[in-house]
Amino acid sequence: MRSGASWRRLAAVRLPSLVLLVAIAVSWQLVVTVGDINPTLLPGPAGVVEQLGEVWQVGLLQSAFVSTMYALGVGLLLGVVAGILLGLLIGLLPRVDLATSPYMWGLFSTPDIALVPIVILWFGFGDTTKIGMVFLAVTIPLALNCKDGVRMIDQSLLRAAASFCANRRDVFVKVIMPSTIPSIATGIRNGISRGFVGVLVVEMTVGTTGLGREVMYAMRQFNTARMFAFVIVLVAIAVVLITISKRLESYASRWREEVSL
């Protein structure tokens, strides 16, 4: 149970963001009201909230949310496993690193939308396409981060392990993996961002079920308030995902702070 001081610290951290959110909503409504702006171009926040309630009541928001998060969750899980294994393999084998790095960075720099036709060709239409897109979007950045983490291990730790006659398994489990965890956590954070973008790109371009599809459908119906409502949901999900990934990264890296102290 949180103490009074803990609640005060939490309020001090969250209050500025909440005040800014209220200020943006009030300014938004003032601009729409005073400027008499056509709701098709810019709806007011009241209209957007009304649409949020409507899509919630008919179950449209829940079904789209589940579809998007299912593809993101499965693709993220598969991508994390593949990215860590690939990153460890490349990091531990310098010649493989030398051979694969240019292609890995090339794939990392390729826009997600350029990969959509390939993913459709491989997986067809439906959830499998979204999962495949998230898998690709997560695996590459995570493998690069994991590989860099292995390559940047403090050599003095490896020499210390060798001086104590540690075998390969002990070196991997007790030196390499703990030293690589912060890089893996950073890669997962990047992967979550890229995976979220990837699943939305597929939903918006292919028209499969999900939040991205609902945004595009509302736009084609000129229902701007509903489009804003789904975009706000996407922003909220992104904020939650980034917050979770940052906490994961901080948790995984806490031992570095303890060591520096």
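Axes here are lines fitted to C-alpha atoms, for helices over the stretch in contact, and angles run from 0 to 180 degrees between N-to-C directions. This is a predicted model, in which local features need pLDDT of at least 70 and side-chain atom pairs count only at pLDDT 80 or more, while totals for chains, interfaces and linings use all residues. Residues are numbered from 1 along each chain as its sequence is written, and side-chain values use heavy atoms, leaving out hydrogens and water.

**Exercise 1. Describe how helix 8 and helix 9 are placed relative to each other.**

Step 1: Find helix 8 (residues 168-206) and helix 9 (residues 211-220); helices are DSSP runs of H or I with at least four residues, numbered from the N terminus.

Step 2: Their axes come within 7 Å and cross at roughly 40°.

Step 3: Angles under 35 degrees count as roughly parallel, over 145 as roughly antiparallel, 65 to 115 as roughly perpendicular and the rest as oblique. Helix 8 and helix 9 are therefore oblique to each other.

**Exercise 2. Now classify the pair helix 3 and helix 6.**

Step 1: Helix 3 (residues 60-92) packs against helix 6 (residues 127-151) at an angle of about 30°, and the axes are 6 Å apart.

Step 2: That angle makes helix 3 roughly parallel to helix 6.

**Exercise 3. Trace the salt bridges of Asp97 to Lys147 and to Arg151.**

Step 1: Lys147 pairs with Asp97, with the closest N and O atoms 3.5 Å apart. Lys147 lies in helix 6 and Asp97 in helix 4 (residues 94-109), so this pair ties together parts 50 residues apart in sequence.

Step 2: Asp97 also forms a salt bridge with Arg151, at 3.7 Å between the closest N and O atoms.

Step 3: Through shared partners, salt bridges join Asp97, Lys147, Asp148 and Arg151 into one network.

Conventions: Helix = DSSP H or I, 4+ residues; strand = E, 2+ residues; numbered from the N terminus. Salt bridge = Lys/Arg side-chain N within 4 Å of Asp/Glu carboxyl O.
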